[in-house]
Amino acid sequence: MNDWADLRSPVPVARCLAMPKVLVSDPIDQVGLDILSQVAQVDVKTGLSPSELAQIIGDYDALMLRSGTRVTAEVIEAGQKLRIIGRAGVGVDNVDVPAATRRGIVVVNSPEGNTIAAAEHTLAMMLSLSRHIPDANASTKSGVWDRKSFVGTEVYKKTLGVVGLGKIGSHVATVAKAMGMKLLAYDPFISAERAEQIGARLVELDILFQEADYITLHIPKTPETANLINAETLAKMKPTTRIINCARGGVIDEQALADAIAAGKIGGAALDVFEQEPLQADSPLRALGKDLILTPHLGASTTEAQVNVAVDVAEQIRDVLLGLPARSAVNIPGLYPDVLEKLRPYLQLAETLGNLLSQVAGGRLEQLTVRLQGELAAQQSQPIVIAALKGLLTQALRERVNYVNAMIEAKERGIRIIETRDESVRDDYAGGSLQLMATGSNGEHRVMGALLGDGEIRITNVDEFPVNVPPSRYMLFTRHRDMPGIIGKIGSLLGSFNVNIASMQVGRRIVRGDAVMVLSLDDPLPEGILAEITKVAGISDAYTVVL
C-alpha cells in the first residue's frame, strides 16, 4: 500500500477515547503520580524483572522509572502502545535508547532536577574524605577518643580538577571556587570563555591528572569514558590526589583504583556509583580503610531532588500524552529549556506548514527543502527541520510519526532533506519566516509562514501566491482565474450545502491572472461538494486541508 496515496483527501482516523495508561515501575514521589493522574490511569508496580515487565508493558502508553528498572530491547518490542519512557533522574543507561528510537518512542529524563543534590553530595564527599569524617564518627561512637589518627587536609588553595563542566560540574566548581580552591577543567564541549566565566582553566586531561589535588568526575559512561580512570591514568597523579565520583559507575577501573589506594599511589577516593550496583560483596573496594569512602548511590537522594525529578518527568509524560513535545528528550536534538521555550512557537509553525504542504502537494514526495529566512536563520535549525518532517508525514503515518522517528521515517521513504538559510530576507515579521518546498510526483509545491508578535501562526504564501491567513482545522483551497463572480459562486455553493465560512482570502500575482483562494471552514466539507466546486467556470483545482 502506498502511504502517500491521495493525501488531499485523508481518511478520517478513529480516535481512541479511552484514558491512556502509565506504568510506574520504581518508587516515585506522590506529587509525580498526582500529575500523571490528571491525564492517565496510573499503575504502580515495582521490582519487576525485564521479563516480567515485558509481559505487561503492552497495555501501557507510557513508562516512568528510576534506576531500578531495566528497559531492554525486548521490553521495548513488547510495548506496542508505548509513546514515552520517562527516567526520573539524569542518566538513562538502564534504557535501551537506540531500540526506543527505532520504535519512535520518546525517552526523557530530568537533566536538572537533581543538579543541586548531586553537586552537594560531591562536595560533602570531598570534605568528608579530606577530614576522615566517616571513620572518625565510627571511632567516636565506639567509645574511642582518637584525634591523632584522623588528622585531615584542608581544601583551601588546593587544585580541584573538574572533568565535565555541565550543570553539576559547574555548580561544584562555583562552590569550590568560593572555598578558595584553584580550578582546572576538562570538557571537550565547553569553550575556554565559558570555563573562564566559572573561574576554571581549561586544560587537556593529562595535565589535569598531573596537577590536580582533587579530581571530581561529572561525565556519562560512554565507550570513550569507560574506565577513564585506570592504572595508566592513576600513575600520572600525585600520591596525594583524591578522586570523587558521584556521576556514573564504570568510568573508573575499580580494581586499579583499589590497588593504587592500597599501595599509597594516590591519596584516596570517595565513590557514590559503581560498575555493578549494588556493590558486590567481594569487591576489592570493601577491604580499604579510611582513605576510601563508599555511599550507595545517594547523589540524588534528597527530598527536594526526588520531588523535582518526579515533577519534571511526570510533566513531560503528561505533555507527550496530550500531544505536546517533551522538553528533555534524549533521543531528539537536545535543547536547554530556555532555548526550547524560544523555539517552541517555531516548532509549531514548522509542523503546521509541513502538514499543509503534504496536502497541497499530494502524491509521492521525493524531497523537502526547509528554508529559514530573516532572523529565523540564526536559530538552531535541526529541531525546526524535524518538526517540519513530522508535519509532512502526519497525513500518511498519523500517530506512528513523532519528533523521535520523523527523520528515520523520511529516510526510509527516500525523502531527501535540504536545509538552507537566508538572513538577508526582510519581511514584515520580526522573527523571520519559514519556507517549505516539496518536490515529488506532482511537481514542485511550496508554502511559507511566519509568526505574529503574539506568536500567532500565519500562512503567508502558497505556491508563490501571497496570502495572510491563520491556519484552521478545516480549510478549502482553490486555484482559479481571477475573474468577477468566482468568489460569489463559491460562497453560494458552500451555503447551499450548509457549510459556514469562517474567513476567506484571495492571493494573486497579477490582475485577472491565476489566483489562490483560501477559505477557513467551521465544519468539514460534505461528500461530493468538491466535485461541484470544480465544475464552476474558472476553477482549475480544489482540495481540502485538514490540520
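**Entry 1**

I began with contacts (heavy atoms within 4.5 Å): Thr 115, Ile 116, Ala 118, Ala 119, Thr 122 and Leu 123 in α5 meet Lys 167, Ile 168, His 171, Val 172 and Val 175 in α7. I sorted the residues of this contact into 7 nonpolar, 3 polar and 1 charged, where Ala, Val, Leu, Ile, Met, Phe, Trp, Tyr, Cys and Pro count as nonpolar, Asp, Glu, Lys and Arg as charged, and the others, Gly among them, as polar.

A note on the source: this is a predicted model, with local features needing pLDDT of at least 70 and side-chain atom pairs pLDDT 80 or more, while totals for chains, interfaces and linings use all residues. Residues are numbered from 1 along each chain as its sequence is written, and side-chain values use heavy atoms, without hydrogens and water.

Which residues of α11 are buried? I found Glu 254, Ala 256, Leu 257, Ala 258, Ala 260 and Ile 261, buried being under 20% relative accessible area. They pack against α10, β10, β11 and β12. At the start of α11, I saw a side-chain oxygen of Asp 253 within 3.2 Å of the backbone nitrogen of Gln 255. Just after the helix, Gly 264 has a positive phi of about 75°.

**Entry 1: a loop leucine**

I then went to Leu 376, in the loop between β13 and α14. Leu 376 is buried, at a relative accessible area of 1%. Beyond its neighbours within four places in sequence, I found Leu 376 in contact with Tyr 346, Ile 384, Gly 431, Gly 432, Ser 433 and Leu 434.

Terms used: Helix = DSSP H or I, 4+ residues; strand = E, 2+ residues; numbered from the N terminus. Buried < 20%, exposed > 50% of the residue type's maximum accessible area, 1.4 Å probe, protein only. Polar contact = N/O pair within 3.5 Å; in protein donor to acceptor, adjacent residues only side chain to side chain.
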